[in-house]
Amino acid sequence: MDQTISVTVNGRSFERSVEPRLLLSDFLRHELGLTGTHVGCEHGVCGACTVLLDGVAVRSCLLFAVQTDGRDVATVEGLAGGPQALHPLQHGFWEKHGLQCGFCTPGILMSLVPFLEENPDPTEEEIRELLSGNICRCTGYQKIVEAVQLGARLIQEKSA
Amino acid sequence: MKPAAFSYHAPRTVDEALALLRNYGDEGKLLAGGQSLVPTMNFRLAQPTALIDLNGIDELFFIREDNDELRCGAMTRQREVERNGVVKRIAPLLHETMPHIAHAQIRNRGTIGGSLAHADPAAELPAVAVALDAQMYVRSVTDARWVAARDFYVGLFATAMLPEEMLVEVAFPQSRSGSGWAFEEVARQHGNYAMCGAAAVVGLDGKGAVENARLVYFSVGEGPVVADQAAALLVGEQPNAEAIRAAADTAASQDIDPVGDIHAGPAYRRHLAGVLGERVLTRACERAAGAEGQ
Ligand SMILES: Cc1cc2nc3c(=O)[nH]c(=O)nc-3n(C[C@H](O)[C@H](O)[C@H](O)COP(=O)(O)OP(=O)(O)OC[C@H]3O[C@@H](n4cnc5c(N)ncnc54)[C@H](O)[C@@H]3O)c2cc1C
Ligand code: FES
Ligand code: FES
């Protein structure tokens with residue numbers, strides 16, 4: 001039986017009627033058309049589907065949309081202010097070639113945003129430990145680490 | 001859609017959840033963090049007809065100190081356990097273990113109760129609960145009881161809980177003065193399930209000899225494996241390198257009987273058990289000696 005939920009996504013509220021078995025990842029992509037959240041493994045391993053639930057990085061493929069009733073969801077679409085106004089972290093990825101095909105990138109960005117808020121100047125080891133939760137088949141991670149380091153610096157400069 | 005259809009229930013109290021659980025029996029499943037359950041539903045290995053979501057039950061989210069014990073509500077997120085100062089002080093072994101469980105994004109959602117109830121043989125928390133003599137508080141509509149961690153695990157993904165029972169709370173006794181502890185695991189990648197892991201708790205007497213020892217492995221059997229023969233060898237001995245090595249060798253050759261999988265064969269798991277056993281016993285004894293000297 002469908003249930004009505006009301007959820008805020010990137011600051012906009014949506015009311016939808018959903019089947020309980022609808023995963024949050026599919027809700028975002030198919031119901032709201034927010035295809036920036038990628039779906040890789042659908043069992044929690046790859047991290048491509050990572051979004052923020054009330055500010056906390058979680059796998060959207062392991063949550064049901066009904067569980068987000070009354071909650072706040074943030075996806076990669078909400079990061080940039082517009083095509084000319086990338087989030088400083090996105091700028092770091094652009095400058096340092098932190099992506100090739102880009103499939104893993106939305107999940108990595110959404111994992112990193114709260115991480116860098118708590119830990120604005122992480123060591124390389126801390127960055128690599130966080131990245132262990134996201135699989136990238138292209139880059140070999142080296143460029144991603146550099147992108148995060150630059151992104152962290154840009155965030156600090158922006159807030160200084 | 002990936003999972004099979006189910007009816008969704010979001011109780012606000014433990015009593016409501018227990019009533020639903022009794023109603024649905026084997027067909028119902030409790031949903032905690034969903035970090036183990038939802039993957040199996042996405043594969044349709046699990047097809048519950050009813051999901052009882054515990055995420056709205058405020059009384060299940062807590063960490064507190066009570067009579068020298070650490071009490072954690074079943075729904076306490078793994079990330080919260082990892083970062084909580086009371087946990088660090090009362091149960092330092094638990095604190096040291098938490099970062100080894102999966103990745104931060106999984107621990108943000110995964111719960112202590114979900115991991116303990118799931119009884120995955122490769123999971124860290126069941127082994128640590130056994131090493132620390134934790135007590136599980138289990139309730140049903142008609143009954144409430146405490147079960148010692150060692151009696152809680154009865155086989156592969158199996159616990160002493162009945163289908164209408166749920167884990168409500170877990171209690172860890174305070175780390176005793178004069179006792180030491182250590183945790184180690186080997187995984188292919190940080191955050192993956194380990195190929196072998198070990199937790200040790202050792203207490204020394206006034207003369208520096210081992211008074212009590214417990215060495216518990218995971219990922220080498222159907223659940224947490226207590227290395228009783230190894231511990232018996234060590235008790236009464238001075239904890240020198242030779243005695244510790246003999247105990248770890250016994251653990252690896254006698255106490256465990258690992259099977260192989262795609263990640264590691266039985267011989268490699270035995271090898272890891274010997275090396276990790278030696279390391280955790282050594283560090284636990286050092287910490288116990290350090291605690292004595294204070
Ligand atoms: C990529 C990935 C890597 C992982 N790596 C590790 C790892 O290295 N080590 C590790 O230990 N775990 C790992 N996990 C699993 C993770 O720790 C889970 O959070 C945990 O196993 C289950 O907790 P949960 O709260 O998510 O429970 P759920 O998935 O919601 O539930 C698990 C099972 O327990 C039952 N259950 C839940 N709560 C209760 C309760 N209070 N009473 C009775 N039954 C209950 C459910 O019905 C279900 O059968 C990993 C998961 C993923 C996706
Ligand atoms: S799609 Fe969710 S973790 Fe891979
Ligand atoms: S850039 Fe292709 S998967 Fe990471």
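Of the 294 residues of chain B, 53% count as buried, in what is a predicted model. The secondary structure of this chain amounts to twelve helices and 14 strands, and its domain assignment gives domain 1 (7–53), domain 2 (59–173) and domain 3 (179–289).

**Overall form of chain B**

- A compact globule of 294 residues would have a radius of gyration near 19 Å, and because chain B has 19 Å, the two values agree.
- Taken along the principal axes, the box that the C-alpha atoms of chain B fill is roughly 60 × 45 × 30 Å.
- When contacts in chain B between residues at least 6 apart in sequence are considered, 65% of them join residues at least 24 apart.

**Domains 1 and 2 of chain B**

- The C-alpha centres of domain 1 of chain B and domain 2 of chain B are 19 Å apart, and where these domains meet, 15 residues of domain 1 are in contact with 18 residues of domain 2.
- On the side of domain 1 of chain B that touches domain 2 of chain B, helix α1 (residues 14–24) of chain B gives the most, with six residues.
- By class, that side of domain 1 of chain B holds seven nonpolar, six polar and two charged residues.

**Where chain B touches chain A**

- Between the two chains, 24 residues of chain B are in contact with 25 residues of chain A.
- The side of chain B that touches chain A receives at least two residues from each of β1 (7–9), α2 and α6 (104–107) of chain B.
- The residues on this side of chain B comprise ten nonpolar, eleven polar and three charged.

- In soluble globular proteins, nonpolar side chains tend to be buried together.
- The largest nonpolar core here has 142 residues, of which Ala200(B), Leu215(B) and Tyr217(B) touch the most other members, while α12(B) gives the most to this core, with eight residues.
- Apart from its neighbours within four places in sequence, Ala200(B) is in contact with Ala131(B), Trp181(B), Ala182(B), Arg214(B), Leu215(B), Val280(B), Leu281(B) and Ala284(B).
- Leu272(B) is located in helix α12 (residues 266–293) of chain B, and this leucine counts as buried because 24 other C-beta atoms lie within 10 Å, where the cut-off is 20 or more.
- With neighbours within four places in sequence left aside, Leu272(B) is in contact with Val186(B), Met195(B) and Cys196(B).
- Although Leu272(B) and Met195(B) are 77 residues apart in sequence, their C-alpha atoms are 8.2 Å apart in space.

- Most residues other than glycine have a negative phi.
- His97(A) counts as partly exposed because it has 13 C-beta neighbours inside 10 Å.
- Phe157(B), likewise not a glycine, has a positive phi of about 50°, and this phenylalanine lies in the loop between β8 (153–155) and β9 (158–159) of chain B.
- Phe157(B) is partly exposed, since 14 other C-beta atoms lie within 10 Å.

Key: Residues are numbered from 1 along each chain as its sequence is written. Chains are lettered from A and ligands numbered from 1 in the order in which they are written. This is a predicted model: local features need pLDDT of at least 70, side-chain atom pairs count only at pLDDT 80 or more; totals for chains, interfaces and linings use all residues. Two residues are in contact if their C-beta atoms, placed from the backbone, lie within 7 Å. Helices (H or I, at least four residues) and strands (E, at least two) are DSSP runs, numbered from the N terminus. Ala, Val, Leu, Ile, Met, Phe, Trp, Tyr, Cys and Pro count as nonpolar, Asp, Glu, Lys and Arg as charged, and the others, Gly among them, as polar. A residue is buried if 20 or more other C-beta atoms lie within 10 Å of its own, exposed if 12 or fewer, and partly exposed in between; C-beta atoms are placed from the backbone. Domain bounds come from an automatic or database domain assignment. A nonpolar core is a set of buried Ala, Val, Leu, Ile, Met, Phe, Trp, Tyr and Cys residues joined through C-beta atoms within 7 Å. The radius of gyration is taken over C-alpha atoms; the globule rule is 2.2 Å times the number of residues to the power 0.38.
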